[in-house]
Amino acid sequence: MRIRNIILDSVYLPFKKYKLFIMIIILSIFCEFISDTLYSINLGNWTPLMMISDTVITMIILGLMMNITYRAVFEEEIEIDPKKYLLEGIQEYLVTIYYLLLTFVTSSLFIIPTGVYARLTHINEYISKMDINATFMTLHELANQIPFDLRINLFHSIQLNVLIAIFLFIFFTSMGFIGKLLLYHTGKISYALDFRKIFTVIKNIGVKRFFKFILCIAIVTIIVVNTVLLLGYIFRDNVLSAIIEAFTLIFSTNAFYKIYLK
């Protein structure tokens, strides 16, 4: 299947399976509501128990959301099994956190080659040599004391670092989705974290085809997120985030599944 067809099929799927799409949105909102409610109650010594309860409930709801997503993508029946939901929720959370941490750590390594660290050090040295008391100055006031060329150089370095971070986020998130498909098919979380197996999948897809695919995924995601945010005057923030989360789950899972099969 051509990449264009995979993307179009995945974009239409949340609307084609609109009942499941709405169910995921409601679950996402409910999950946030439960967390806000529990944390707003002062239980004193019972607070740690409340936090554990909130975590368990969140993992179960996350597992149910994944189960509904698999129903939309793989045409599976929705099982009523809280223990399975809890396990799937924990696995989903661990895989997601793993690839987010990889993104953060790898992005942090680029503050040196992109010049962010050197320019921040240079600015710090410049401020320390200035005959002013910077303690009570606002960030805006302090920035006005720094030469324009130093600020521009720092801005360009940060801009470059952010672009690299965005690319790494898209790349590692894509690896995460492939890992979750391996987890789904094998039931082994070690497969979802194994770079060798994920790179084997990417090699089978074709490196050039894979990067073209994730570029299309990124473009669609940006368009959808911005479109949903434009509806901010209609919906509350938690509803907007729930819509984005639900769409991303179904759209991305289906897209990566289709290209994974091919």
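Predicted model: local features only at pLDDT ≥ 70, side-chain atom pairs only at ≥ 80, totals over all residues.
# Salt bridges, pockets and aromatic pairs

The side chains of Lys180 and Glu92 come together in a salt bridge, with 2.9 Å from N to O. This pair joins distant parts of the chain, since Lys180 belongs to helix α7 and Glu92 to helix α4, 88 residues apart.

**Salt bridges**

- The structure contains 4 salt bridges, and the one between Lys180 and Glu92 can be set beside two others described here.
- Asp9 makes a salt bridge with Lys258, and the closest N and O atoms of this pair are 2.7 Å apart.
- This pair, too, links distant parts of the chain, with Asp9 in helix α1 (residues 3-16) and Lys258 in helix α11, 249 residues apart.
- Asp9 counts as partly exposed because its relative accessibility is 29%, a value that lies between the 20% limit for buried residues and the 50% limit for exposed ones.
- Asp194 and Arg196 also meet through their side chains in a salt bridge, at 3.3 Å from N to O.
- In this pair Asp194 counts as buried because its relative accessibility is 17%, which is under the 20% limit, whereas Arg196 is exposed, with a relative accessible area of 65%, which is over the 50% limit.

**The largest pocket**

- The largest pocket of the model has a volume of about 880 Å³.
- There are 33 residues lining the largest pocket, and the closest to its centre are Thr96, Phe169, Thr173, Phe177 and Thr248.
- Six helices are named as supplying at least two residues each to this lining, namely α2 (18-39), α3 (47-74), α4 (82-109), α7 (148-186), α10 (207-229) and α11 (237-261).
- Helix α7 gives the most to the lining of the largest pocket, with 8 residues.
- Sorted by class, the lining of the largest pocket consists of 20 nonpolar, 9 polar and 4 charged residues.

**The second largest pocket**

- The second largest pocket has a volume of about 220 Å³.
- It is lined by 13 residues, of which Tyr70, Glu88, Gln91, Leu183 and Tyr184 are the closest to its centre.
- Helices α3, α4 and α7 each contribute at least two residues to the lining of the second largest pocket, and the largest share, 4 residues, comes from α4.
- The lining of the second largest pocket divides into 4 nonpolar, 3 polar and 6 charged residues.

- Ser10 is a residue of helix α1, and it counts as buried because its relative accessible area is 0%, where the limit for buried is under 20%.
- When neighbours within four places in sequence are left aside, Ser10 is in contact with Phe251, Asn254 and Ala255.
- Ile146 sits in the loop between α6 (139-144) and α7, and it counts as buried because its relative accessibility is 9%.
- Without counting residues up to four places away in sequence, Ile146 touches Ile123, Tyr126, Ile127 and Arg151.

**Aromatic rings**

- The count of aromatic pairs in the structure comes to 17.
- Phe171 and Phe172 form an aromatic pair with 5.6 Å from centre to centre and 65° between the planes, and the pair is called edge-to-face because planes over 60 degrees apart count as such.
- Phe171 counts as buried because its relative accessibility is 14%, and Phe172 is likewise buried, with a relative accessible area of 10%.
- Phe171 and Phe172 belong to one aromatic cluster, which is formed by Phe167, Phe171, Phe172, Phe210 and Phe211.

Conventions
Residues numbered from 1 in each chain as written. Heavy atoms only, no water. 1 Å grid on protein atoms, 1.4 Å probe; cavity = no way out; pocket = protein on both sides within 12 Å on 5 of 7 lines; lining within 4 Å. Points joined across faces, edges and corners; volume = space filled by probe spheres on them. Nonpolar A, V, L, I, M, F, W, Y, C, P; charged D, E, K, R; others polar. Buried < 20%, exposed > 50% of the residue type's maximum accessible area, 1.4 Å probe, protein only. Contact = heavy atoms within 4.5 Å. Phe/Tyr/Trp six-rings, centres within 6.5 Å; stacked < 30°, edge-to-face > 60°.
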